[in-house]
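Subject: Structure for your files

Hello,

The structure is below, followed by notes on what was found in it. Please read the notes with the model open.

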Amino acid sequence: MRDDAYLGLLAVFIPFSLISIGGGASIISGMEGEVVRARAWLSSREFVELFAISRAAPGPGTMLATLVGWKIAGWGGAVVASLALFAPSSLLCYAVFRLTSAHREKAWHRAMREGLAPVGTGLIIAGVVSILQLSGAVGFTAATAAAAAAAVMGVPRIPILLIIAAGGLAGWLLG
């Protein structure tokens, strides 16, 4: 059983590693689809709880993969999931950097960089929507998330902690 779990973790996280354009947040929606809906390894509630823990813990936001691996196959699963998510993309980035760094000033290189930016943004938005749906966010919660995103985008100099505190205060006053 454990070998099958390890192979399953590899089959899920290696492809996500290679398509994580925009960083770890860009694969949250796909990860939820695989882990919760397709493979039923976790319930929606468990996924949201692991997501919250991964965001509260120090380290990269994609510690979610490590927690999923741990939940599925213990400490070995945590190691397998982490390596499956971090190693392929790291090796790919290193190889692409080595091959293209001499061409940074060429038009095709700039077009490649600028063309991938909206892809990463769209994937991150899909992850946010997925987490909001899983957590049952409706009405006030969704509006608070939208207001926080608007504040960050509209006035980038507002301290993030102030935005978080404002959302918490609004929830406390209206909840």
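Histidine 109 touches Thr100, His103 and Arg104, leaving aside residues up to four places away in sequence; contact here means heavy atoms within 4.5 Å. This is a predicted model, in which local features need pLDDT of at least 70 and side-chain atom pairs count only at pLDDT 80 or more, while totals for chains, interfaces and linings use all residues. Residues are numbered from 1 along each chain as its sequence is written, and side-chain values use heavy atoms, with hydrogens and water left out.

Histidine 109 sits in helix H5 (residues 107–134); helices are DSSP runs of H or I with at least four residues, numbered from the N terminus. Its relative accessible area is 3%, so histidine 109 is buried (buried is under 20%, exposed over 50%, partly exposed in between, with a 1.4 Å probe and protein chains only). The side chains of histidine 109 and threonine 100 are joined by a polar contact of 3.4 Å (a pair of N or O atoms within 3.5 Å, one able to donate a hydrogen and the other to accept it; residues adjacent in sequence count only if both atoms are side-chain atoms).

The largest nonpolar core has 26 residues, and Phe13, Phe16, Met31, Phe47, Leu64 and Val68 touch the most other members. Such a core is a set of buried Ala, Val, Leu, Ile, Met, Phe, Trp, Tyr and Cys residues joined through side-chain atoms within 4.5 Å. H1, H2, helix H3 (44–56), H4 and H5 each give two or more residues to this core, and H4 supplies the largest share, nine residues. Phenylalanine 13 touches Met31, Ala65, Val68, Ala81, Ala84 and Leu85, again not counting residues up to four places away in sequence.

There are five salt bridges, each a side-chain nitrogen of Lys or Arg within 4 Å of a carboxyl oxygen of Asp or Glu. Among them is the pair glutamate 32 and arginine 37, at 2.8 Å from N to O. Glutamate 32 is buried, at 5% relative accessible area, whereas arginine 37 is exposed, at 59%. Another joins arginine 45 and glutamate 49 at 2.9 Å, N to O; both residues lie in helix H3, four residues apart, about one turn of the helix. Arginine 45 is exposed, at 65%, and glutamate 49 is partly exposed, at 37%.

Regards
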